[in-house]
Amino acid sequence: MTINESLQWAIGMLEQEGVENARGNAEHLLDHCLGMERTARFFLRYERALSAAEENEYRRLVTQRADRVPLQYLLGKAPFLNEDLVVDEGVLIPRPETEQVVEVAIRLLRQEGGVGDLVMFDIGTGSGAIAVSLAKELPAKVWASDVSADALKVAQANIRRLRVEGQVTLIHGDLFCPFHVLNLEGQVDLVISNPPYIPHGILGGLAPEVSQYEPWMALDGGEDGCDFYREIIPEAISFLKPDMGWLILELGDGLAIQVKDIIESQRKFAPPQIFPDLNGKARVIAAKRGQ
Ligand SMILES: C[S@@+](CC[C@H](N)C(=O)[O-])C[C@H]1O[C@@H](n2cnc3c(N)ncnc32)[C@H](O)[C@@H]1O
């Protein structure tokens, strides 16, 4: 088949299976099979025949995409801020919403203008998206935890990819547990997390790309979506620098009021600030530790 015929076949198949933006997906997978940058498509000769190997690989990937395997898993990468990060089925695909969490953190910490290396904890690091992006932008030592050993392998690949080996250390374990041995109580400038926050009851009804292929461990926030906020917020207090340390969390849809209440009920933080995303949804909450 020619490139053009293959592309038309792929678009038809993806449309039939209800894949959003079938053309974009078909083109991305074609670029991947041809080992081509997206920008090079302008020079592509659409009448050229695909080799047997290219055609087989393209059919295999398109068929998987039609089965609703997320595009990013098939490509093995996902864009995040200005980088492509490595991803596989062991990690949540980093989302644009999380880019905003990182941007808010960078802005707030730069405003403080502290001296020396900042100390940060990233709880539930997954692909390492938050940890590596912060390390790239700020003079920071980031400790990043996850309960998933598979996720930490991907995070390690991203640490290498962004060359932040000297700044980011991964620790395997439950929430803050692995941090207790570090003796960093009262010395942390930032505790940041994009925790699992989807209410358990709605997980099964999400798009198949999410509900069938992304790790539930990365999504399931318990009955009301707030289980992890209830654990992370009180535990962060003892680690944060009094009067200086920031707690910054991504917010699940409709959870802003509940999370704000959890923070305020600790009586250890200045009034939280909430940042909306481009759609006007409250997406990030930031609270500075008080005395
Ligand atoms: C929503 S994902 C966020 C991943 C990544 N930080 C991002 O923003 O793309 C939540 C992550 O928390 C991890 N996780 C779930 N339960 C955990 C726990 N008890 N302790 C540490 N990490 C946990 C999951 O494995 C997953 O990687």
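A residue is counted as near a molecule if one of its heavy atoms lies within 4 Å of that molecule. In this predicted model, 19 residues surround the ligand by that criterion, and the closest of them are G124, D146, D174, L175 and N194. The shell around the ligand is made up of ten nonpolar, seven polar and two charged residues.

A nitrogen atom of the ligand lies 2.6 Å from a polar side-chain atom of D174, while the side chain of D146 places an N or O atom 2.7 Å from an oxygen atom of the ligand. At L175 the backbone takes part, with one of its polar atoms 2.8 Å from a nitrogen atom of the ligand. Taken on its own, the ligand has 590 Å² of accessible area, of which the protein covers 94%.

The buried residues of helix 5 are T98, Q100, V101, V102, V104, A105, I106, L108 and L109. Just after helix 5, G113 adopts a positive phi of about 55 degrees.

In helix 9, formed by residues 227-239, the buried positions are Y229, I232, I233, A236, I237 and F239. An α-helix has 3.6 residues a turn, so residues three or four places apart point the same way. The buried residues of helix 9 pack against strand 3 (118-123), strand 6 (190-193) and strand 7 (246-250), as well as against helix 10 (256-266).

Key:
Residues are numbered from 1 along each chain as its sequence is written. This is a predicted model: local features need pLDDT of at least 70, side-chain atom pairs count only at pLDDT 80 or more; totals for chains, interfaces and linings use all residues. Side-chain values use heavy atoms; hydrogens and water are left out. Buried means under 20% relative accessible area, exposed over 50%, partly exposed in between (1.4 Å probe, protein chains only). Helices (H or I, at least four residues) and strands (E, at least two) are DSSP runs, numbered from the N terminus. Contact means heavy atoms within 4.5 Å. A polar contact is a pair of N or O atoms within 3.5 Å; within protein, one must be able to donate a hydrogen and the other to accept it, and residues adjacent in sequence count only if both atoms are side-chain atoms. Accessible areas come from the Shrake-Rupley method with a 1.4 Å probe; for residues, only the protein chains shown count as cover. Ala, Val, Leu, Ile, Met, Phe, Trp, Tyr, Cys and Pro count as nonpolar, Asp, Glu, Lys and Arg as charged, and the others, Gly among them, as polar.
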